[in-house]
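Hi everyone, thanks for coming. Please have a look at the sequence and the structure, and then I'll walk you through a few spots.

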Amino acid sequence: MDFLKEMEGKRVHDSFGKNTTKNVRHVCVPGPVIVGAGPSGLAAAACLSDRGVPSVIIERSNCIASLWQLKSYTRLRLHLPKEFCELPLMPFPAEFPTYPSKQQFVDYLETYTKKFDLKPHFNESVDCAEYDHNLGLWRVKTTGLHNEEMEYVTRWLIVATGENAEEIVPVIEGMDEFEGPIVHTSVYKSGNVFRGKRVLVVGCGNSGMEVCLDLCNSDASPSLVVRNKAHILPREMLGVSTFGLSMWLLKWLHVRYVDQLLLFLSWFFLGDTSRLGLDRPKIGPIELKMATGKTPVLDVGTLAEIRSGSIKVCPGIKQISTHKVHFVNGRAEDFDAIILATGYKSNVPSWLKDTNLFSEEDGLPKKPFPNGWKGEYGLYSVGFTKRGLLGTSMDAKKIAQDIELLWKADSKHYLSALFYSPSSSPPPPPPPSLGH
C-alpha cells in the first residue's frame, strides 16, 4: 500500500519517528487494531471477521478475559440470565444453566475465540496510542514480555479495555498500620483462607455482597461496610429473572412505572432493607442505572445472612489502626483482615492520546449511550456502555458495520489501481473520509 512507503519516509524525518527508531519493530496492520482481549475485544474482532475484515488484538495479559480468569472469585456466576450475556453470532450452549458459572463463561469465550479463529497477541502492554495527523494513521506502541518494543500502524483503533481495567484502591488513614492482610477482591478467590477470621468487606455492590456470603459459607465472621445508598433486588421473582422482567416491562411502560413495580415487588420479597442498614436511593433502580450506570445489587442470599446476624452492617470507615477499624459513628472493632470490594476503573487516559472521545477524568466516552462507540479519525470504543455484555454486543455490531463500509471502499480503490493500465481511465481516488 502507498501509505506504507509514505510512513517509512516520514518516520525518518519527523520527531515522533525519531523517538521510535531504536530496537522497535514496526508493523503495518491493514485492518483495525483492537486493544483488549476481554469479551468486548473478542466480540468486536468476531463481528469484523464475519464481515471479512481482519484485525489484530493486543492483550497485556497472558490469556483472554483476564478479569474473569485471573481476578475473580471462585463462586462467581453471571448475574443476569445467559440470553442477556451472549456475544454476537454465538449463543450459549443449551445445556448451560440460566446463570453460567465463572468456568462455564470462560469455556464459552474460549470456544468463541476458536470459532472465529481469533489469535490475540498476548503479553503486550500498550504504552501509547496516538493519531499521526501527517500520515492520517494511528500509531500504537507496545512493550512485550521481554521488553520487546513494537509499533503498530493502522487506520482504525478500537479501544476494548473496558470499564474494569484497573482496581480502585481507596486511601484510608492508618492502612499502613494494620497488621492483617488488606486485599482487593481482584485477588480474592475463596473464603476458605479466612475460616474462623473476623473479616471486614468494604463495599456493598454485587461483589461485596457475594464475598460476604462466601465468607459466611466458609465459617468466617464477615462485616460489611455500607457508605452509600444502594438498590437491592431479588435476582428472581417467582422463578422469573428480575432483569428479564424489567426489560419486558420497559417495552410497555415508562421507566418510572417499572421502577415503582420493582420496588414494590422487592419490598414484598425482601422486606424493608433500610431496617438492615441498607437505605435505598430516591431515584428508582432502572432510572438510576440509565442515568449513572450504577448497577442494582441482585441478591443471591446475602440479605438472609444479614437478617440472621451472620453478617454485620457497618457505617463508613474513619481510621484504621494495628488491629482495629474505627467507624464514622464512633464505634471501633477488631478485625483480622480487610477485603476491598471497591470496584474498578478505566485506564484509557494513561495510554490513549485522545481528548475527544474519552474523558480524561474517568476514562469513559464523553457521549452518553448509545452514541459513545465512535470517535474521530477511525477511533472506536466497545464495552464502555455501563450496560454489561448486552451493551458490548451492540457496540461491536455497530463498529464492524461502520468499518466494513470503509474497508470495502478501500479494497475497491486498490483493486482499481492494481488493474489500471495507461489505455484505461485512471483509477478513482481513495474516499476522502477513509480512516475518519
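Let me start with a term: buried means under 20% relative accessible area, exposed means over 50%, and partly exposed is in between, with a 1.4 Å probe and protein chains only. A word on the model too: it is predicted, so local features need pLDDT of at least 70 and side-chain atom pairs count only at pLDDT 80 or more, while totals for chains, interfaces and linings use all residues. Residues are numbered from 1 along each chain as its sequence is written, and side-chain values use heavy atoms, with hydrogens and water left out.

Let's begin with Ser223. Its relative accessible area is 3%, so Ser223 is buried. You'll find Ser223 in strand E11, residues 221-225; helices (H or I, at least four residues) and strands (E, at least two) are DSSP runs, numbered from the N terminus. Which residues does Ser223 touch, not counting those up to four places away in sequence? With contact meaning heavy atoms within 4.5 Å, they are Val199, Leu200, Val201, Cys212, Lys312, Cys314 and Phe335.

Ile57 belongs to strand E3, residues 56-58, and is buried at a relative accessible area of 3%. Leaving out residues up to four places away in sequence, its contacts include Ile34, Gly36, Leu42, Leu118 and His121. From Ile57 to Leu118 the C-alpha separation is 8.1 Å, and the two are 61 residues apart along the chain.

Now for the rings. Rings of Phe, Tyr and Trp (its six-membered ring) pair if their centres lie within 6.5 Å; planes under 30 degrees apart count as stacked, over 60 as edge-to-face and the rest as tilted. By this rule the count is 19 aromatic pairs. One of them joins Phe92 and Phe96, a tilted pair at 6.1 Å centre to centre and 40° between the planes. Both Phe92 and Phe96 are buried. Another is edge-to-face, because the rings of Phe358 and Phe384 have centres 5.3 Å apart and planes at 75°. This pair links distant parts of the chain, 26 residues apart: Phe358 is in the loop between strand E22 (352-353) and strand E23 (379-381), and Phe384 is in the loop between E23 and helix H11 (388-418). Phe358 is buried at 2% relative accessibility, and Phe384 is buried at 7%.

There is also one aromatic cluster, formed by Trp68, Phe92, Phe96, Phe105, Tyr108, Tyr112 and Phe116.

Last, helix H9, residues 285-292. Where do its buried residues sit around the axis? The buried ones are Pro285, Ile286, Leu288 and Lys289. They cover an arc of only 165° around the axis, so they are on the same side of H9; the arc is that of the directions from the helix axis to the C-beta atoms. Among the elements covering the buried residues of H9 are strand E12 (232-234), helix H7 (242-249) and helix H8 (255-270). Just after H9, Gly293 has a positive phi of about 85°.

That's my tour, and I'm happy to go back to any of these spots on the screen.
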